[in-house]
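Here are my notes on the model, as numbered points. Please read them with the structure open.

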Amino acid sequence: MKSPPPPPYDFLVVGAGYAGLNAVAALQHACPSATVLVLEQREEAGGCWNSLYSFVRLHQPAFVFGVSGQAASWGPDARSELASRHGVLNHFQKYASSLPPTVAFLFSASFVRCERGDAGLLHVDVAFATRETTRVAARHVIDARGADLKLPQLACLREEHERVAECYSEELRRVVQSRRGEACCYVVVGGGKTGCDAVTYLAKHAPPSSRVLLLQGRPLYFIRRDRMFPSGNCLKEISVPVASEVFLDWCKAYDGSNALELLRAAERDGLLMRVGEGEPQLTNLGVDGARTTLVLRSGKTIELGAEQRVVLVKAVGRLVEDYNASGEPNVWKCMQHPIQPDGRVRIGAHFGFTGPSAYLLTILLARGKLEELPFRGYNRLGTHNVDNLFYMSTAIVWHALQAARLVSPLDMMSCTIMFDKFGPMPRQLFALSKLLLASGKLEEQAHKLLHPLRPGVIEANGVGGGQK
Ligand SMILES: Cc1cc2nc3c(=O)[nH]c(=O)nc-3n(C[C@H](O)[C@H](O)[C@H](O)COP(=O)(O)OP(=O)(O)OC[C@H]3O[C@@H](n4cnc5c(N)ncnc54)[C@H](O)[C@@H]3O)c2cc1C
């Protein structure tokens with residue numbers, strides 16, 4: 001570990017995950033001589049990718065993920081490959097170890113609290129794994145602690161049975177290996193990212209005569225990667241809308257009540273694929289004598305047969321129980337202005353994807369323009385599931401547009417912000433022009449649907465919100 005430069009630091013970054021490392025990259029771009037201390041409670045950089053299930057893969061090609069400006073470090077397959085956990089960690093850790101001595105990392109060190117002090121300094125209390133504590137002063141504190149992710153405790157088994165085993169996706173590799181070639185019936189509960197990863201893993205690693213059954217409660221829309229993630233010849237593909245441009249069109253068309261129609265239209269246009277027809281949300285696995293029967297909450301049953309062992313894989317992902325920026329339960333990202341009451345700047349997914357968003361917010365902070373940027377939030381409780389996506393998209397796209405006006409084109413190009421994230425340069429410029437052309441309509445929508453957020457104020461959930 002490099003020894004830290006002397007305090008007070010120009011910037012103290014909390015968290016060495018996707019967001020924290022992009023904040024560091026933004027500081028390297030905007031003020032390369034600034035002194036930076038990164039506090040990380042784990043022993044290594046890489047954030048939650050250190051503890052995700054072992055067979056997790058990115059859901060987008062590697063070159064659009066990772067630390068801004070470091071796309072080359074992914075290697076030749078970055079356009080087509082969905083990187084593994086190892087690949088992602090390698091990318092993050094290589095970046096962390098490539099930084100100059102003005103940037104130091106303190107591992108096994110947890111942020112406890114932040115307080116305003118004299119001369120514009122912020123004081124941060126730090127606790128080490130050894131239980132020692134210290135206080136560090138910095139001019140700016142960037143809080144990149146990510147979401148507070150917890151595994152939900154699901155009691156799926158109605159009764160225990162020797163033929164039936166349960167596991168979380170984190171344990172699946174061990175379970176498959178411990179069965180040493182024995183064919184099983186794997187019932188994957190949850191058709192989200194984790195469930196799809198589990199099915200892919202089982203397709204490759206479970207013995208050939210195994211069965212895999214994927215259960216998903218509510219129907220889900222999946223983005224059609226072949227349509228919305230262009231690869232290869234970017235000039236040929238310029239007429240194909242990428243995901244961010246589709247979001248932009250949705251934001252313009254959304255009136256506060258037509259969310260479902262917009263999704264259905266996208267499905268008809270082949271941009272989304274719907275899976276499921278309104279099945280139940282949770283399952284129970286019942287064991288009935290010699291036969292094993294899945295009893296769904298709707299009352300429907302699925303016979304699994306008597307011949308195979310059954311492994312119930314709880315691929316329910318990790319639930320975000322609260323967002324630890326404020327310590328307030330259920331205060332959601334888009335509900336908060338990034339400038340917190342204690343002076344910290346909370347970064348994360350304000351402008352869409354975590355890394356680019358963290359990068360751009362940090363650029364604005366370093367250039368002294370963060371306070372100029374208007375933020376708007378939506379009322380999460382006042383909207384139901386599907387509408388939430390549209391309020392969120394409108395907030396994200398609106399902020400991206402405002403931010404684009406405050407920074408230089410060079411900053412935009414290096415940050416791979418939402419609107420250029422999915423494509424190479426001509427594609428990025430095309431998307432950015434589309435955003436700017438749409439600005440009048442988007443501004444109108446943002447004023448109609450979202451409510452303004454003030455710096456240094458934690459907005460209580462349920463205050464303000466979209467007009468419905
Ligand atoms: C299964 C899964 C797959 C995903 N796939 C993708 C994908 O393909 N593409 C994508 O864009 N996103 C994906 N995500 C979203 C994911 O959340 C982001 O990729 C990203 O890793 C989040 O980065 P972060 O820096 O905000 O948070 P984290 O990765 O959680 O990093 C936060 C860091 O802060 C540290 N920290 C927390 N509290 C403290 C404290 N008090 N003191 C010091 N340090 C602290 C943590 O130890 C951690 O290292 C996926 C998420 C999951 C769960």
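1. Contacts along the chain. Take the contacts in the protein chain between residues at least 6 apart in sequence: 73% of them join residues at least 24 apart. Keep in mind that this is a predicted model.

2. Overall content. The protein chain has 12 helices and 20 strands. It comprises 468 residues, and 42% of them count as buried.

3. Helix H1, length. H1 covers residues 18-30. At 1.5 Å a residue, its 13 residues should span 18 Å. The end C-alpha atoms are 18 Å apart, so expectation and model agree.

4. Helix H1, burial. How many of the 13 residues of H1 are buried? The count is 11, so H1 is mostly covered. The buried residues are Tyr 18, Ala 19, Gly 20, Leu 21, Asn 22, Ala 23, Val 24, Ala 25, Ala 26, Leu 27 and Gln 28.

5. Helix H1, partners. What do the buried residues of H1 pack against? Among the strands are S1 (9-14), S2 (36-40), S3 (103-107) and S6 (133-143). Helices H2 (85-97) and H8 (354-366) also pack against them.

6. The H6 and H9 pair. Helix H6 (residues 243-253) packs with helix H9 (residues 385-406) at an angle of about 110 degrees. Their axes are 9 Å apart. That angle makes H6 roughly perpendicular to H9; the range for this class is 65 to 115 degrees.

7. Residues at the H6 and H9 contact. From H6 come Phe 247, Leu 248, Trp 250 and Cys 251. They meet Phe 390, Ser 393, Thr 394 and Val 397 of H9. By class, this contact has 6 nonpolar and 2 polar residues, and no charged ones.

8. A sheet of 4 strands. The sheet is open, with strand order S8-S16-S9-S10 and parallel pairing. Which strands stand at the edges? They are S8 (164-168) and S10 (211-215). Each has a single partner strand, so one side of each lacks a neighbour in the sheet. On average, neighbouring strands are turned by 20 degrees against each other, direction ignored.

9. Inside that sheet. Strand S9 (residues 184-189) and strand S16 (residues 309-314) run parallel and are joined by 6 bridges. Val 187 stands opposite Leu 312 in S16.

10. A helix on the sheet. Helix H4 (residues 193-205) packs on this sheet and touches S9, S10 and S16. The direction of H4 makes about 175 degrees with that of S10.

Methods: Residues numbered from 1 in each chain as written. Predicted model: local features only at pLDDT ≥ 70, side-chain atom pairs only at ≥ 80, totals over all residues. Helix = DSSP H or I, 4+ residues; strand = E, 2+ residues; numbered from the N terminus. Expected span 1.5 Å × (residues − 1). Buried ≥ 20, exposed ≤ 12 C-beta atoms within 10 Å, placed from the backbone. Contact = placed C-beta atoms within 7 Å. Axes fitted to C-alpha atoms, helices over the stretch in contact; angles between N-to-C directions. Parallel < 35°, antiparallel > 145°, perpendicular 65-115°, else oblique. Nonpolar A, V, L, I, M, F, W, Y, C, P; charged D, E, K, R; others polar. Pairing = 2+ DSSP bridges.
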